[in-house]
Amino acid sequence: MLNEATRDFIRQHLDADVRRLALQGGRDPEVDLPLALEQIAGRQKARSKIPSWAAIDGILYPPHLSMEQCSSEQTAQYKAKIAGEGNLFVDLTAGFGVDTAFIAKGFSKAVCVERQERLCAISSSNYKTLGLPQVHVICGDGTEYLHQMDHADLLFIDPARRDEHGARTFGIADCTPNILEMMDEMTEKADRIIIKLSPMLDWRKAIEDIGCVVSSVHIVSVDNECKELLIEVKSEERKAKTVAPSLRVICVNLLSDGREERFEFDAITVSSANTFHSSPFTLHILFSPNASIMKAGCFAQLSERFGISQLDSNSHLFVSDKDIEDFPGRRFVIDKVTSMNKRDLKEALTGISRANIAVRNFPMPVAELRKRLKLQDGGDVYIFATTVANQGHRLFVCRKKS
């Protein structure tokens, strides 16, 4: 795909501003400038998104949209972990092929199906560069391939979440392909199925729409930003239909430093009752759950597991008189709690000129509250503006727990 002149140009301009290079135009007629710019931009993006690939000279990159839509290295590694090992793995919607590459390492043979010829050519080249000879690329429609494929240990599918006009869709039935129409055949053709969906979807509604026995749900965040909703179906459990298995919901927050915040709960048997502390102002530690837990809505389970109390049913902040080092989220030492009364505010904020402000279940946006409090952004102080059950609006002035 790349001639030597284009390769040299890319090597010489790996750190260059792509827009400026485009304005300068091509001086060497042997250099395919549009392709070179695409590769430079792709590699620059990969440094943060797929760093292990960015470190390899021979990796080819797709157009901007495919690069934006592909999985990050962190989420692909997580999917590889839950995929495990086996004989045959099939990806019916491979795209750029990041998920395929990481999952395929655990399988003797892998097949990835992609409709776009150019993405197929790029991924075929990359699998050779990555030392993955077991991966076979099929240029075609995943739904058609499903009809004639061999039985697989694992099927993976990531339906496109844009319609024919390019508009984003979130309902399962609106994605392409429509996995709801494929479930019976997929469970006949594979022992396990992993479905990747938009994090915007309600996981409970997704399970209801799929309409079969789901084994587990994984809500995956990276550095506290929700990225993916993964639904796992085991064909054996679905075919049995006699006893509903315990549905496990796994909330995972993958951190840049390599740590993983993980919280699991049984979606069927755990109580949904909320607990509130009658005197939260006497407690010392405030807890803010990570994005995956917020998405899961498992606040009662969190209270029960860690023995902490919510401030209010809609505030989703928790308090305790003791620290919990393995809490899946951020922890803060509460210095002061104040009402919105001017005198109380003045006393509580004396000596504070800047703060990080967050609002939860509070009738004022951050910008308006910051203006009212006359505080600049940043610093070591954290203020949570929220509502406390039977107590009204309160500000919790805190310091982050190390």
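A search of the whole structure finds 24 salt bridges (a side-chain nitrogen of Lys or Arg within 4 Å of a carboxyl oxygen of Asp or Glu). The model is predicted, with local features needing pLDDT of at least 70 and side-chain atom pairs pLDDT 80 or more, while totals for chains, interfaces and linings use all residues. Residues are numbered from 1 along each chain as its sequence is written, and side-chain values use heavy atoms, without hydrogens and water.

Select Lys79 and Asp99, whose side chains form a salt bridge at 3.1 Å, N to O. Lys79 belongs to helix α6 (residues 73-83) and Asp99 to helix α7 (residues 98-104), 20 residues apart; helices are DSSP runs of H or I with at least four residues, strands are E runs of at least two, and both are numbered from the N terminus. Both Lys79 and Asp99 are buried, a term for under 20% relative accessible area, whereas exposed means over 50% and partly exposed lies in between (1.4 Å probe, protein chains only).

Glu228 is buried, with a relative accessible area of 3%.

Now move to Arg370 and Asp377, a salt bridge with its closest N and O atoms 3.2 Å apart. Arg370 is buried at 16% relative accessible area, whereas Asp377 is exposed at 51%.

Finally, select Lys79, Asp99, Asp158, Lys196 and Glu228 together: salt bridges that share partners join them into one network.
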